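Please read the following walk through two contact regions with the structure open beside the text.

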Amino acid sequence: MKRRLWKFPGGIRLPGFKAMSLSLPLAHAELPPRLVLPLRQHIGAPAEPVVEVGQTVRKGELIAQAREYISAPVHASSSGRVVGIGDYAVPHPSGLTAPCIEIETDGEDRWTDGADTARDPDALSVDELRSRIRAAGIVGLGGAVFPSAVKLTPVPERPIDTLVLNGVECEPYITCDDVLMRTRAADVVRGARVLQRLVGAGRCVVGIEANKPEAAAALRQAVTDAKSDAVEVAVVPTVFPAGGEKQLIRVVTGREVPRHGLPAQVGVVCLNVATAVAVLDAVVHNRPLIERIVTVTGPGVRCPRNLIAPIGTPVAALIAQAGGYAVETPRLIMGGPMMGIELAGDGLPVTKASNCVLVEAAPVQAPRPALPCIRCGSCAAACPVRLLPQQLYWYAQSAQFDKAQDYAVFDCIECGCCAHVCPSNIPLVSYFRFAKTELAAAERDRHKAERSRQRHEERQQRLEREQAARAQRRKRPARTAAPAGES
Amino acid sequence: MTAAVGSPFITPAGRVSAVMRQVLYALVPATAVYVYWFGWGVLINLMLASVTAVVAEALMLWVRRRPLGLFLADGSALVTGVLLGLALPPLAPWWLAVLGTAFAIVAAKHLYGGLGFNPFNPAMVGFVLLLISFPKDMSMWPDPVSPQLHALGFLDAWHAVFAGYLPGGAGVDAVSSATPLDAVRTGVGLGHAVDAIRKGDVFGLFGGTGSEWVNLALLGGGLWLLWRRIVSWHIPVALLATLALLAGAFHLLSPERYADPAFHLLTGASVLGAFFIATDPVSAATTPRGRLLYGAGIGAFTYIIRTWGGYPDGIAFAVLLMNLAAPTIDAYTRPRLFGQVGSS
């Protein structure tokens, strides 16, 4: 069946490098002696620890709970003893530390009670489903890590008609979703049915990039087997960033999500295929999100492969299981080469967001120096948001940040297409991040100044009121005294 | 900030030098045709302008304390030199090419801040300087049908360019004639019909003898650049379409007074201008709709100047006029953002 597809603006074609991590079969990563679990592996408020140092925990046990609506709990990814609660280095572009719970594993990998009792999701009410998803700490596994339970709670004003499952995986090197779709296609479809029920979407489209024919075939087979005509498989052209949420929605539904808006505004909920499987595991087996598939790949590892890694596993342990480093001075990137973040070292833990550990050889020579912008407009032609990067660059480098904001710098999704096509080798994305940071700082300052101005005015008013009241008090006895004095 | 902070980590695909190199490749066939019809003077102009461009560029980079190797390697100065060299009349005195190119590089490019910062197309600034200052030398075009011209060898042409007269002692005007655009302008001014004027030797099948083939070769090179995605189609298509539309409208109105569209497209610097000069990214508009407007503006001004202005060709002036308008055009033609509803 051929279905209609649409196009998103811009985009570029990139070499895939996908085959290198697909030659070895998917395997479980070995349990490391220590796990470091960040309390904030999602968008929203950090989870709060409910365990103490020295306490023993079992696999799947809640160790930090979500108190806010937009938050997600954290569970022990194996059994062992809590040996530390405090700040650890985490995978973050800033390289800063963040609160984490450290567990010394006991090697027994014992499950907590209550897990693994299979339930039929159809027997559960939508509220039960939602609370299970919420309690399982499920977040978007495509990289944005937004708490899924929130996304799966539609509001009546915005009815959802289409569920889009994202199996595009457009970044070079990464194959974790590809492997997931090949090995658990039936679960993707079953997960899709659960999600469809939750959001009330009549149809579901699974978007898969054309460079993954095996995954698409596996899913098509699963759809046939499930005799479900509500789930469709859409093979989308291999154009980066087709896996961006708004880009994929455009490609498979023709709808454009409003700027700064949500997919729900056009009747769509979009989730990663891995999230769908995690949801299924949560509702059927009551299993929290404690592991994920991580692609360990790149020219810098000996045997690139995909590993099912417990959350909190140090990157170094995964690299060791991928044959170790193949280069002397590796550069580690978490995520893909276009939008990933550089890791300060291999001691950092895998989080719910870690889809890939890319190991490259650190550049031996300085990068080609940037030349002046010749305004060729290649960047604008490549931009999936239809921004004018040449204008944004001009304003960012001359510190005209208000102009950059006017030219919609905050709409930039930092996909890196502009920088990739730039003939002058200008690090455009770095400039745009810089402009965004400066604008955010200025906004904070403005906010602060506004608050202190209000405080000052309120104090002024209070002082005036008090003075007036004092004057009143002084006057009143005077008035009562005056007649007496006169008389 | 010259090094990237954070993603993307993948090596960028393009290079300025590759862009410039392909522009030069695209000019090779047309240059060969040009030499075939107009003699060795074409090559001498190219050599003079290229050498001057590179020397002037190096000098200015040194004065401005810029990394010499890095900026010379971008090839932009060479492109300016080659374009100006192609635009000058072959057999013109040597100092014309040298002066024009030096002015283009020193004043129009580096005094404004060098590569990427010049508001005007440097080659056209150099060309217009020469056109205004030395109108006589700039209108001395070799006659492509003169047997004398084709008898000149490379060294003879060299002699003419540096000594100012032909080896036999005759002036360069002995092998020169009015250009087709000039002939039509003058002829129509005298009340002759375009058809009658075009019976002359310098007129070929659609445009000028020889120059029409140069223009067709340039068109081939230009299409190759489009195919290679070195230039976008917007500017050349808008420019040539506007020129053709205006020429067509007036030709329909009065065929005796106004030449037909094919003549306008294949004479003078129309094709060179459309694909190689107006598309200079630094001085052009950059938004898709802006490029259409920009190209259309150059096409319109070119027609107006050719038909009613004081110069036979108008590409250079039209390009400079639209260079002035480019920033404004860009500001008013911002594309609709992805996800932007309505207009903002």
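How far apart do the C-alpha centres of domain 1 of chain B and domain 2 of chain B lie? In this predicted model, the two centres are 21 Å apart. Domain 1 of chain B covers residues 15–176, and domain 2 of chain B covers residues 178–328.

The two domains of chain B also touch: 30 residues of domain 1 are in contact with 30 residues of domain 2. On the domain 1 side, at least two residues each come from helix H1 (16–38), helix H4 (76–87) and helix H6 (122–133) of chain B. H1(B) gives the most to this side, with 11 residues. By class, the side of domain 1 of chain B that touches domain 2 of chain B has 24 nonpolar residues, 5 polar residues and 1 charged residue.

The next region lies between the chains. Here 50 residues of chain A are in contact with 36 residues of chain B. On the side of chain A that touches chain B, the elements that give two or more residues are strand E16 (341–342), helix H9 (378–382), helix H12 (417–421) and helix H13 (428–486) of chain A. The largest share of this side comes from H13(A), which gives 4 residues.

What classes of residue make up the side of chain A that touches chain B? That side has 31 nonpolar, 10 polar and 9 charged residues. For the side of domain 1 of chain B that touches domain 2 of chain B, the corresponding division is 24 nonpolar, 5 polar and 1 charged.

Terms used: Residues are numbered from 1 along each chain as its sequence is written. Chains are lettered from A and ligands numbered from 1 in the order in which they are written. This is a predicted model: local features need pLDDT of at least 70, side-chain atom pairs count only at pLDDT 80 or more; totals for chains, interfaces and linings use all residues. Two residues are in contact if their C-beta atoms, placed from the backbone, lie within 7 Å. Ala, Val, Leu, Ile, Met, Phe, Trp, Tyr, Cys and Pro count as nonpolar, Asp, Glu, Lys and Arg as charged, and the others, Gly among them, as polar. Domain bounds come from an automatic or database domain assignment.
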